[in-house]
Amino acid sequence: MKKLLAIGSVVATVIAFTATTISVILTSCDGYQTGPLNLQYEVVNNGLDVKLTWDQIESASYYTIAVDGEVIDSTADNTVTEYTVTADHAGKVITVTAVDADTSDQIDLGALVVTTSLGSDFGEASSPYKSAVGFNSDGSAVIYSLTDSSNYPYFDFWISDNTAGTVDPNEIDICSPNVSHGGTGNFNSEDNWSREWGTGYVAPTTDYQNIYPGSGGIMGGKSYALWIDPSGNGWDLNDHFVRIDISSVASDGQVQGKVNYQTVGGLLWIPVD
Ligand SMILES: [Ca+2]
Ligand SMILES: [Ca+2]
């Protein structure tokens, strides 16, 4: 009986090791790897910071925290197993190393954003182009036509000059799906919000509107923030933030650019150029 247990134990160890190896290979594409330190992250401070936590390594003296390979800080000893990363380091690769234990783990904070081009078939609601955008759970965006009502549940924002039948390229707004279109009702009940982006990699925290700009239109060369708030309950970890980069607005209502979706719920960082 004891022998059988011993064999079972060896087999279990081998399986566990194999599973860990596979996990690292499979998850490396999205920039997140779990290794001996079991490095994890969570969003804190209302989406402004990311807190890293890891498992204590008994043989380690302490841990260092490196940004893009350069050590920026270290812990007092091996019992401290957390570190809060601020937005100064959005988009960087963070490495935690257990000193004297020869082991480290890292996370690529830039790989958490998914960028999708709006292509050449996106534009104002009365134009020949598709006018709505919806994000998949993996962060990729789909450009939807307004003419097929089966698409409506997937909309996260759409663009309109607020006048049915005509296109005014100088008055195109970013609209929430729950904004009425042409007197025919809402696309869906999502109450999402937008505003001008501002500067840097962190989305604004105030002054969002569900029709933006409202007066005057979105412009080529400018960026806008989108706050997707599915429960309409203020900021929480179920929300997602997007930076909409507009490259051009044409006279026929065609709008080109890209959308950058932060896949981590509640995180305000969009570290893209
Ligand atoms: Ca219109
Ligand atoms: Ca919310």
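Trp158 stands opposite Cys175 in strand 12, within a predicted model. Strand 11 (residues 157-160) and strand 12 run antiparallel and are joined by 3 bridges; strands (E, at least two residues) are DSSP runs, numbered from the N terminus, and two strands pair if DSSP finds at least two bridges between them. Residues are numbered from 1 along each chain as its sequence is written, and chains are lettered from A and ligands numbered from 1 in the order in which they are written. Local features need pLDDT of at least 70 and side-chain atom pairs count only at pLDDT 80 or more, whereas totals for chains, interfaces and linings use all residues.

**Confidence**

- The chain has a mean pLDDT of 88, with 88% of its residues at 70 or more; pLDDT is the predictor's confidence in each residue, from 0 to 100.
- Over residues 1-33 pLDDT stays under 50, and the model has 16 contacts beyond four places in sequence for this stretch; a contact requires the C-beta atoms of two residues, placed from the backbone, to lie within 7 Å.

- An open sheet of 5 strands has the order 10-9-11-12-14, with antiparallel pairing.
- Strand 10 (141-144) and strand 14 (211-212) are its edge strands, and each pairs on one side only.

**Nonpolar core**

- The largest nonpolar core has 56 residues, of which Trp158, Ile174, Leu226 and Phe241 touch the most other members. Such a core is a set of buried Ala, Val, Leu, Ile, Met, Phe, Trp, Tyr and Cys residues joined through C-beta atoms within 7 Å.
- At least three residues of this core come from each of domain 1 (31-108) and domain 2 (113-262), with bounds from an automatic or database domain assignment.
- Beyond its neighbours within four places in sequence, Ile174 has contacts that include Phe157, Ile159, Tyr212 and Leu226.

**Asn192**

- Asn192 is located in the loop between strand 12 (173-175) and strand 13 (193-196).
- Asn192 counts as buried because it has 24 C-beta neighbours inside 10 Å. The classes are buried at 20 or more other C-beta atoms within 10 Å, exposed at 12 or fewer, and partly exposed in between, with C-beta atoms placed from the backbone.
- A distance of 6.1 Å separates the C-alpha atoms of Asn192 and Asn210, which are 18 residues apart along the chain.
- Outside four places in sequence, the contacts of Asn192 include Asp156, Phe157, Asn210, Leu226 and Trp227.

- Strand 1 (residues 40-44) and strand 2 run antiparallel and are joined by 5 bridges; Glu42 stands opposite Lys51 in strand 2.
- These two strands form a hairpin with 4 residues between them, and Asn45 in the turn has a positive phi of about 55°.
- Strand 2 (residues 49-53) has Val50 and Leu52 on its covered face, and Asp49, Lys51 and Thr53 on its uncovered one.
- Strand 2 also pairs with strand 5 (residues 82-85) in the antiparallel sense over 4 bridges, where Leu52 has Tyr83 as its bridge partner.

- Strand 3 (residues 62-67) and strand 6 (residues 93-99) pair in the antiparallel sense over 6 bridges, and Thr64 stands opposite Thr97 in strand 6.
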